[in-house]
Amino acid sequence: MTWLSPAFPVGAFSYSHGIEQAIHHGLVHDRQSLEDWLIDILNEGSGWNDAVLFAQSHQIAKSGSDFSEIADLAEALAGSRERHMETMLQGEAFLSAAQAWPNPVSERLPSRVASPVAVGAIAGAHGIEIEAALCAFLHGFISNLIQGAVRLVPLGQRDGVAILAGLEEDIQSCSSKAAKSTLDNLGTCAVISDIMAMRHETQYSRVFRS
């Protein structure tokens, strides 16, 4: 809970994961459109891929295998410059802050690694049950996106909380499936989300880094 709280110093609050651009284009404009967008990211987009990468990194940590392949794959799956920056900088910041909880896995990880690999590996090294760890990871990811949208749409805090409550079953379902997944289950079809992330790179006036 400490690692995935808003207070943990990874800078997650500064990224919108392309949602700022989606709001700019009117694709996300109210409570329902935001909830639909987040469900797609969880089930068909980057949220699903990150959950699979998290699960594999968790297993590698427990098995003692090498992280180089999963680290390279996770970085390659970042489909735009800003998504790459988002996942790599958060992963690097997480590993730095997590040094307060010493473990042997940190020595086997690259110094720069994507966020789901970093968090999954450290959770696995500390013996945190995989499905619970995945739920916390995805909950933190979705919560951060909701908070960004609350400021930009704008939505009230009550709407933000209601969206999060409505997504609890989706988060649990995604976590449960990802916990049993392999790398063969990687794949997304959230094309509009990817396009928004690419277009955000040239958005003239913006609040978030991605």
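How much space lies in the largest cavity? In this predicted model, the largest cavity holds about 30 Å³ of space, and the count of cavities of 30 Å³ or more comes to 1. Its lining is made by Tyr15, Ser16, Ile19, Asn144, Leu145, Gly148, Ala149, Leu152 and Phe208, and helix α7, which covers residues 130-152, gives the largest share of that lining with 5 residues.

We can now turn to the charged side chains. A search of the whole structure finds 6 salt bridges, and one of these joins arginine 83 to aspartate 194, with the closest N and O atoms 2.8 Å apart. Because arginine 83 lies in helix α5 (residues 81-97) and aspartate 194 in helix α10 (residues 191-200), this pair ties together parts that are 111 residues apart in sequence. Arginine 83 is buried, with a relative accessible area of 9%, whereas aspartate 194 counts as partly exposed at 29%.

Another salt bridge brings together the side chains of glutamate 92 and arginine 112, at 3.8 Å from N to O. Glutamate 92 belongs to helix α5 and arginine 112 to the loop between α5 and α6, so the pair ties together parts that are 20 residues apart in sequence. Glutamate 92 is partly exposed, at 32% relative accessible area, and arginine 112 is also partly exposed, at 38%. Finally, salt bridges with shared partners join Arg81, Glu82, Glu201 and Arg206 into one network.

Conventions
Residues are numbered from 1 along each chain as its sequence is written. This is a predicted model: local features need pLDDT of at least 70, side-chain atom pairs count only at pLDDT 80 or more; totals for chains, interfaces and linings use all residues. Side-chain values use heavy atoms; hydrogens and water are left out. On a 1 Å grid over the protein atoms alone, a cavity is a set of points where a 1.4 Å probe fits but cannot get out, and a pocket is an open set with protein on both sides within 12 Å along at least five of seven lines; lining residues have an atom within 4 Å of a point. Grid points are joined across faces, edges and corners, and a volume is the space filled by probe spheres set on the points. Helices (H or I, at least four residues) and strands (E, at least two) are DSSP runs, numbered from the N terminus. A salt bridge is a side-chain nitrogen of Lys or Arg within 4 Å of a carboxyl oxygen of Asp or Glu. Buried means under 20% relative accessible area, exposed over 50%, partly exposed in between (1.4 Å probe, protein chains only).
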